[in-house]
Amino acid sequence: MIIRKKLNWFRMLFVWRGSVLPEILPRLIALFLLSSTVVYFHGELFHYKIPLNIAPFTLIGLALAIFLGFCNNASYDRFWEARKLWGGLLIDARSLTRQALTLGDAEKNHADIQDFVNLIIAFAYALKHQLRQTDPGEDFQRLLKPEFAKSLETVKFKPAIIIRELGQWIYRNKKEDKIDTIVQVAIDNNLNRLSDILGGCERISNTPIPYTYSVVLHRTIYIYCFLLPFGLVDSIGWMTPLIVTFIGYTFIALDAIVTEIEEPFGVEKNDLALNAICQTIEDSLGEMMGKKIEKKPLDNLLIID
Amino acid sequence: MIIRKKLNWFRMLFVWRGSVLPEILPRLIALFLLSSTVVYFHGELFHYKIPLNIAPFTLIGLALAIFLGFCNNASYDRFWEARKLWGGLLIDARSLTRQALTLGDAEKNHADIQDFVNLIIAFAYALKHQLRQTDPGEDFQRLLKPEFAKSLETVKFKPAIIIRELGQWIYRNKKEDKIDTIVQVAIDNNLNRLSDILGGCERISNTPIPYTYSVVLHRTIYIYCFLLPFGLVDSIGWMTPLIVTFIGYTFIALDAIVTEIEEPFGVEKNDLALNAICQTIEDSLGEMMGKKIEKKPLDNLLIID
Amino acid sequence: MIIRKKLNWFRMLFVWRGSVLPEILPRLIALFLLSSTVVYFHGELFHYKIPLNIAPFTLIGLALAIFLGFCNNASYDRFWEARKLWGGLLIDARSLTRQALTLGDAEKNHADIQDFVNLIIAFAYALKHQLRQTDPGEDFQRLLKPEFAKSLETVKFKPAIIIRELGQWIYRNKKEDKIDTIVQVAIDNNLNRLSDILGGCERISNTPIPYTYSVVLHRTIYIYCFLLPFGLVDSIGWMTPLIVTFIGYTFIALDAIVTEIEEPFGVEKNDLALNAICQTIEDSLGEMMGKKIEKKPLDNLLIID
Amino acid sequence: MIIRKKLNWFRMLFVWRGSVLPEILPRLIALFLLSSTVVYFHGELFHYKIPLNIAPFTLIGLALAIFLGFCNNASYDRFWEARKLWGGLLIDARSLTRQALTLGDAEKNHADIQDFVNLIIAFAYALKHQLRQTDPGEDFQRLLKPEFAKSLETVKFKPAIIIRELGQWIYRNKKEDKIDTIVQVAIDNNLNRLSDILGGCERISNTPIPYTYSVVLHRTIYIYCFLLPFGLVDSIGWMTPLIVTFIGYTFIALDAIVTEIEEPFGVEKNDLALNAICQTIEDSLGEMMGKKIEKKPLDNLLIID
Amino acid sequence: MIIRKKLNWFRMLFVWRGSVLPEILPRLIALFLLSSTVVYFHGELFHYKIPLNIAPFTLIGLALAIFLGFCNNASYDRFWEARKLWGGLLIDARSLTRQALTLGDAEKNHADIQDFVNLIIAFAYALKHQLRQTDPGEDFQRLLKPEFAKSLETVKFKPAIIIRELGQWIYRNKKEDKIDTIVQVAIDNNLNRLSDILGGCERISNTPIPYTYSVVLHRTIYIYCFLLPFGLVDSIGWMTPLIVTFIGYTFIALDAIVTEIEEPFGVEKNDLALNAICQTIEDSLGEMMGKKIEKKPLDNLLIID
């Protein structure tokens with residue numbers, strides 16, 4: 001995810017990085033060339049005039065508006081729900097740390113609580129790696145006890161096992177009478193929330209917007225764009241390539257954004273900054289445990305994940 | 001439900017499987033033939049010119065947009081809520097398992113907890129079978145004690161009885177002093193959530209979008225499409241069949257998708273992958289109980305349910 | 001509420017029962033006759049040509065779209081929220097029954113729990129009768145103890161008093177030491193949810209969509225429809241009656257649906273099947289208490305409430 | 001708030017009371033007169049023809065639709081959320097009363113609980129008076145102990161202090177060992193909900209829709225309406241005043257509704273019936289405490305608040 | 001944030017302060033001058049006629065509507081969610097204060113509770129300063145103990161550390177047996193809510209609407225506006241500058257509002273009145289602790305933050 005400093009309205013017109021323009025440029029050029037050819041031949045194909053005007057496009061526009069509007073909203077909802085879940089992870093991680101520090105018996109040593117906190121941080125990394133299908137090995141070795149890290153290797157649902165481990169940490173403390181049942185249940189409650197976050201991310205990741213929507217939307221947009229020059233050439237002549245490319249730009253760009261943010265856990269430029277969030281969790285929990293955190297360039301608003 | 005690998009924008013134009021095209025093709029062909037006939041007779045019916053132009057279609061388009069937009073959103077909301085409920089089932093199943101493993105007295109033997117976990121898995125299958133009106137017998141025999149499986153046969157609301165059984169398992173543990181009241185209530189809380197999921201699925205399954213909406217939407221779409229050639233023939237001549245079929249495709253496809261995902265628990269190609277979710281629940285709980293899970297082809301993104 | 005088996009797209013065009021067509025037919029006939037008269041006189045009124053064309057209707061259409069879209073969404077939200085509340089009632093009734101069966105002391109006899117369950121069922125019927133302003137006497141005599149049923153007669157907010165009675169049942173059990181405070185509070189929590197459902201239904205029932213919306217929407221639709229023939233007659237001649245009736249059908253039908261589902265607790269054909277839900281609650285709780293339930297024709301998908 | 005009996009579609013066309021027509025009539029008359037003048041002079045201003053046609057209005061219509069649709073939804077959401085909060089107040093008031101009656105020690109006398117219930121009722125009135133900026137003195141004297149009513153006079157956030165007082169009532173009962181900590185916390189939980197309701201109402205009341213929206217919406221609507229006659233006069237001649245007034249009616253009426261329900265706590269005719277809700281709370285709690293309630297004319301559907 | 005007294009519809013047309021007009025005026029003037037030039041040259045550029053008419057703008061309008069509608073809704077949702085979070089902060093601050101006053105042991109002295117309340121107030125200020133990236137030093141010195149204020153200086157996530165401190169206050173009270181575990185957990189629950197508020201604000205502040213949306217929206221609006229005179233000049237002649245500026249005003253104003261409220265924590269005129277909310281929290285908690293509050297000009301509806 002790329003976050004940029006806010007630009008004024010004028011400079012925003014010429015932004016290149018972070019927009020979808022680089023990605024869709026070839027298609028726009030193709031559209032421009034096609035339109036120019038159509039203008040050159042006055043809308044004729046093999047000396048046979050294509051009898052189109054602008055009216056049918058208004059009718060198609062209707063269906064297009066419904067499709068685009070829906071797909072865009074559905075994609076953004078997925079993006080924003082995913083962001084909420086990861087925001088919730090930070091919240092919950094802090095709450096669990098606070099509970100470990102203040103609800104239990106103060107006699108239990110700091111190192112034991114650090115283990116607990118490391119498990120929480122490991123959960124965040126495990127979730128990130130599962131969603132991006134990357135290898136969590138390195139992060140686990142840094143954060144977990146060797147034997148547990150080892151045992152996770154063959155496990156399919158890694159984050160779920162880490163939550164179970166968190167539960168067992170609490171159970172151990174309960175057995176050693178460091179906390180009572182009421183506190184145990186209060187912490188367990190926040191483990192339920194961790195479980196909600198895990199399940200929510202899995203749901204978004206495993207269930208795309210029904211495939212047919214994308215197919216119909218794609219077809220409608222591209223047929224629309226490539227028929228458009230024939231419909232405009234008679235009324236606006238040599239302006240056709242410019243206008244068609246402009247209209248095509250708005251539709252194709254929107255379609256490209258929709259496709260990109262539909263899967264918010266990827267590493268494309270509009271996807272969520274999972275690395276940054278994991279780092280924030282690690283920093284914030286560390287700080288609560290009494291560590292000093294050096295301010296990272298993460299704050300200066302140009303994040304690339 | 002069919003989930004496919006992501007295609008690039010160009011190859012997506014020619015997708016066949018997983019789109020609604022195969023289903024609606026006959027209607028589109030009928031529409032194409034009708035339009036061609038209209039063109040051939042220059043919009044005359046028994047030598048009597050039908051005086052239509054494009055203007056009225058803009059007006060009808062308005063109502064159509066409201067109907068289509070609404071029905072589409074309502075259907076997708078049902079689909080997505082159903083998905084959330086089943087996602088919640090996975091979450092809740094894991095939470096209950098974790099609670100059974102870590103909240104209670106560790107002395108109680110592993111086999112007893114396995115019974116509890118089997119009941120949870122059986123709940124998932126029971127819900128699936130109730131929603132699809134299929135026979136749960138086989139799954140029950142695999143998972144439940146014979147006498148209980150037997151007693152379920154004559155029961156109408158099977159999942160509700162399984163929840164009661166889960167409650168009784170907890171009650172038994174409480175009576176044997178393996179857990180105290182606080183823990184009992186904490187687990188009971190998650191049984192409330194199971195009950196929410198059950199009730200939510202029943203609600204979606206038993207209450208379709210009010211029937212009148214579908215009827216009016218259907219009539220509007222088909223009358224619109226079959227009048228359209230008469231309105232276009234004078235202005236775009238022999239392009240009429242192509243354009244009418246294209247416009248018809250967008251509307252009829254959307255209507256078909258809406259009808260399909262309105263009932264998300266079916267077995268059509270855009271419905272929810274309930275089999276896969278049940279399998280995931282079984283795998284994940286198994287893993288939490290210490291079993292090894294072999295990675296299934298479920299991961300390689302072409303799921304057919 | 002009428003729920004029908006799913007029809008294929010073609011047969012759906014000719015549905016009569018369960019659609020709003022019967023209700024609005026007279027208005028459509030009036031519209032057809034008016035349009036025919038307008039065609040006959042070529043849009044003149046007392047030999048004075050009405051100078052209308054289609055353009056102003058596009059402008060009015062804009063406001064109409066906002067109004068119709070909004071009223072439709074608001075109505076459906078009310079309908080669906082009402083359905084959720086009644087679905088929640090089934091869920092909560094089951095949860096309370098489960099809690100009575102498994103959280104308390106098993107020594108307390110079955111008859112006492114049956115009283116509790118009957119109170120819950122009576123709550124459902126009381127709510128139905130309050131919302132439909134019908135007489136709950138018969139159902140109360142079947143379910144409640146005579147003296148309590150008698151005392152409810154003069155009561156204005158009957159369901160609220162039944163919830164208080166449920167609370168007192170729990171209090172009695174607590175005093176007799178059959179349950180402890182923790183369990184009492186856990187059950188009380190679900191009584192809070194019953195209270196939420198009651199309050200939610202009262203809210204929907206007592207607060208319609210602000211009256212002005214309906215008035216403006218109505219006026220706009222009918223003025224629009226009855227001016228339309230004058231706007232179309234010059235351009236589409238004798239097709240005017242057909243097209244005007246078709247356009248009028250879509251708007252008037254939508255308006256009729258909106259009016260119908262706005263009050264979801266009535267007994268019109270698109271309202272909620274409260275009788276069926278009450279019956280389901282009674283059946284499901286009975287089954288949890290160990291009764292055999294005969295499968296009712298309720299399942300075969302043609303429910304008339 | 002005025003709630004009327006449901007009228008049939010025809011009589012609804014001629015409703016006067018409860019619609020916004022009386023309020024906006026002067027503006028519509030001005031619009032009608034302007035349009036008539038424009039027709040009389042054939043769209044000329046000082047013999048200078050204004051060259052407008054309908055096309056630009058379609059373009060402006062787009063922005064108008066976005067603004068109107070948005071402001072309308074945002075306003076209605078505020079209205080409906082406010083209604084939900086007040087519905088929640090009734091729910092919560094009942095729950096607290098039930099808890100006071102059934103969770104505590106039955107030995108404590110009825111009068112003490114009546115004090116608690118009076119505090120709840122006083123909270124409702126205090127909230128109403130705060131939102132409408134009226135004087136709560138009279139209601140407080142009727143419901144509260146004199147010294148506490150006195151002490152509230154100089155207080156700025158009155159409802160917040162009443163919630164604190166409710167908390168202290170519980171604390172007193174706890175200290176006298178009439179309830180234990182678990183029950184205390186359960187009741188405290190419902191006090192949290194009271195606090196939510198208070199905060200929610202304050203939020204809606206203190207944060208209007210950003211002012212700029214209203215300004216731009218207003219300007220767009222009125223400039224649109226007063227330019228419209230010049231755009232229509234050439235094509236529909238003497239029908240212009242009728243059509244312009246009709247279009248103006250729909251936009252201006254919607255704008256007026258939006259402005260009215262944006263502040264749902266006022267006393268205009270579409271605002272919430274806070275008096276009636278306060279009365280309902282007082283009646284329902286009274287009934288739960290054993291009082292007889294006479295049925296009020298509140299039920300016969302013509303409420304004026 | 002500027003909140004103004006409600007104006008009547010007429011005076012609202014001439015509002016200057018608090019509208020976006022001052023900000024966008026230069027762009028509108030540029031648009032007006034361009035349009036005038038286009039009219040002067042009859043739409044020719046270097047004696048070469050630009051062949052544009054209004055039709056393409058209808059097509060572009062479609063995409064524009066989707067973009068503007070979406071960005072506007074997404075921005076307002078952010079604004080309103082941010083407002084809800086800060087409203088929740090007031091609610092939660094009051095609940096925590098009430099709990100400190102009524103749930104614990106009354107023997108603990110008032111000064112200790114005042115420390116707790118000061119921590120809550122400091123949390124509000126800390127959050128404000130973090131979101132606006134300003135220096136909290138002064139507020140901390142006023143509210144916190146010197147050594148703790150000092151230790152916060154080098155901390156990155158200040159509000160999170162304050163929540164931990166609140167937890168430790170409770171823990172201390174628990175250790176000194178002033179409260180029991182149940183109460184400790186009940187208060188801890190409200191700390192979880194504080195944590196939710198913190199995380200929610202961080203999420204909104206750190207994750208803007210994906211950058212590409214703004215870029216495409218901006219480009220579309222400005223290209224649209226600056227092409228528009230060429231499309232209108234042939235049909236409405238010298239009215240072009242007026243109409244183009246009017247249309248441009250609606251689009252550019254909406255775009256400016258969207259940009260402004262997208263970041264609701266800033267200090268622009270439509271952003272949230274965080275100073276006022278912090279003051280309200282301080283006042284309301286003070287009042288609950290028994291202080292007298294003088295009514296501030298905050299009530300007279302012209303807030304500038």
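These legends go with a set of close-up views of a predicted model.

Local features here need pLDDT of at least 70, side-chain atom pairs count only at pLDDT 80 or more, and totals for chains, interfaces and linings use all residues. Residues are numbered from 1 along each chain as its sequence is written, chains are lettered from A and ligands numbered from 1 in the order in which they are written, and side-chain values use heavy atoms, with hydrogens and water left out.

**View 1. Chain A, from end to end.** Let's start with a single chain. Following the sequence, the order is α-α-β-β-α-α-α-α-α-α-α-α-α. Along the principal axes, the C-alpha atoms of chain A fill a box of roughly 90 × 35 × 30 Å. The radius of gyration of chain A is 27 Å, while a compact globule of 305 residues would come out near 19 Å; that radius is taken over C-alpha atoms, and the globule rule is 2.2 Å times the number of residues to the power 0.38. Even so, 67% of the 305 residues of chain A count as buried (under 20% relative accessible area; exposed is over 50%, and partly exposed is in between, with a 1.4 Å probe and protein chains only). Take the contacts in chain A between residues at least 6 apart in sequence: 78% of them join residues at least 24 apart. A contact, by the way, means heavy atoms within 4.5 Å.

**View 2. Neighbouring copies around an axis.** Two copies of a chain are related by a rotation about an axis and a shift along it.

View 3. Chain C and chain E don't touch either, with 11 Å between their nearest C-alpha atoms.

**View 4. A loop threonine reaching another chain.** E:Thr207 sits in the loop between α8 (181–206) and α9 (211–236) of chain E. E:Thr207 is buried, at a relative accessible area of 3%. Its side chain makes a polar contact of 2.4 Å with the side chain of A:Arg83. For a polar contact, look for a pair of N or O atoms within 3.5 Å; within protein, one must be able to donate a hydrogen and the other to accept it, and residues adjacent in sequence count only if both atoms are side-chain atoms.

View 5. D:Ser214 belongs to helix α9 (residues 211–236) of chain D and counts as buried at 15% relative accessibility. Leaving aside residues up to four places away in sequence, D:Ser214 touches D:Glu262 and E:Met12. D:Leu68 is 146 residues away from D:Ser214 in sequence, yet their C-alpha atoms are 9.6 Å apart.

**View 6. Cysteines without a partner.** Across all chains there are zero disulfides (pairs of cysteine sulfur atoms within 2.5 Å). A:Cys278 is in none, and the nearest cysteine sulfur, that of A:Cys201, is 11 Å away. A:Cys278 is buried, with a relative accessible area of 1%.

**View 7. Two loop residues with a positive phi.** Most residues other than glycine have a negative phi. A:Asp177, which is not a glycine, has a positive phi of about 60 degrees. A:Asp177 lies in the loop between α7 (158–175) and α8 (181–206) of chain A and is exposed, at 64% relative accessible area. E:Gln133 also has a positive phi, near 55 degrees. Its place is the loop between α4 (110–132) and α5 (137–143) of chain E, where E:Gln133 counts as exposed at 71% relative accessibility.

Definitions and conventions:
Helix = DSSP H or I, 4+ residues; strand = E, 2+ residues; numbered from the N terminus.
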